[in-house]
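Please look over the sequence and the 3D view below before reading on.

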Amino acid sequence: RARRRGAAARLQRLRRELGGGRGAPERTLTWQAMEQMRFLRQELPEEWPPERLAQGFGVSPDVVRRVLRGRGCPPPRRPDACREARAPDGTLLYRLPRGWGGPGPGAQ
């Protein structure tokens, strides 16, 4: 028990020191800025290497690489895919009624 309390106390202290925020970090680039970054890299790759893009947009080169590798838009939500199961040939095996699992309003 004492060992668990000590570990929990160390973890809390570490969270306080590192900022302690839960969830993903706050987004620093807008969708428009990401589109512009992709456009510059696609049209003028010699003039806009990832390091220069990072400097121009005020983010790290790692963020630039992730943006350039990404698709450019958030994936569409497919709530039915979470509530149904299909066989390899595509036939529907079962579908849960609304409100039973899957993301969406009224999920249990």
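This is a predicted model: local features need pLDDT of at least 70, side-chain atom pairs count only at pLDDT 80 or more; totals for chains, interfaces and linings use all residues.

Residues are numbered from 1 along each chain as its sequence is written, and side-chain values use heavy atoms, with hydrogens and water left out.

The protein contains five helices and two strands. Both kinds of element are DSSP runs numbered from the N terminus, with helices (H or I) of at least four residues and strands (E) of at least two. Read from the N terminus, the order is α-α-α-α-α-β-β. Of the 108 residues in the protein, 17% are buried. Here, buried means under 20% relative accessible area, exposed means over 50%, and partly exposed is in between, for a 1.4 Å probe and protein chains only. The accessible surface of the protein is about 9,400 Å², and carbon and sulfur atoms account for 52% of that area. These areas come from the Shrake-Rupley method with a 1.4 Å probe, and for residues only the protein chains shown count as cover. Taking contacts between residues at least 6 apart in sequence, 32% join residues at least 24 apart. A contact means heavy atoms within 4.5 Å.

Helix H3 (residues 50-57) packs with helix H4 (residues 61-69) at an angle of about 105 degrees, and their axes are 8 Å apart. The axes are lines fitted to C-alpha atoms, for helices over the stretch in contact, and the angles run from 0 to 180 degrees between N-to-C directions. H3 is therefore roughly perpendicular to H4. Angles of 65 to 115 degrees count as roughly perpendicular, those under 35 as roughly parallel, those over 145 as roughly antiparallel, and the rest as oblique. On the H3 side the contact is made by Pro50, Leu53 and Ala54, and on the H4 side by Pro61, Val64 and Leu68. These residues divide into six nonpolar, no polar and no charged. In this grouping Ala, Val, Leu, Ile, Met, Phe, Trp, Tyr, Cys and Pro are nonpolar, Asp, Glu, Lys and Arg are charged, and the others, Gly among them, are polar.

Helix H2 (residues 31-43) also meets H4: their axes come within 10 Å and cross at roughly 85 degrees. H2 and H4 are therefore roughly perpendicular to each other. From H2, Met34, Met37, Arg38 and Arg41 meet Val64, Val67 and Leu68 of H4. This contact has five nonpolar residues, no polar ones and two charged ones.

A salt bridge is counted when a side-chain nitrogen of Lys or Arg is within 4 Å of a carboxyl oxygen of Asp or Glu, and the count comes to two salt bridges. In one of them, Arg65 is paired with Asp62, with the closest N and O atoms 3.8 Å apart. Arg65 and Asp62 are three residues apart in helix H4, so about one helical turn separates them. The other salt bridge links the side chains of Arg66 and Asp62, at 3.0 Å from N to O. Arg66 and Asp62 also both lie in H4, four residues apart, about one turn of the helix. Through shared partners, the salt bridges join Asp62, Arg65 and Arg66 into one network. Asp62 is partly exposed at 36% relative accessibility, Arg65 is partly exposed at 38%, and Arg66 is partly exposed at 48%.

Val63 lies in helix H4 and is partly exposed, at 23% relative accessibility. Val63 and Leu53 are 10 residues apart in sequence, and their C-alpha atoms are 10.0 Å apart.

Val59 sits in the loop between H3 and H4. Is Val59 buried or exposed? At 15% relative accessibility, Val59 counts as buried. Val59 and Leu29 are 30 residues apart along the chain, with 8.4 Å between their C-alpha atoms.

Arg71 lies in the loop between H4 and helix H5 (79-83), and is exposed at 79% relative accessibility. The C-alpha atoms of Arg71 and Arg38 are 10.0 Å apart, although the two residues are 33 residues apart along the chain.
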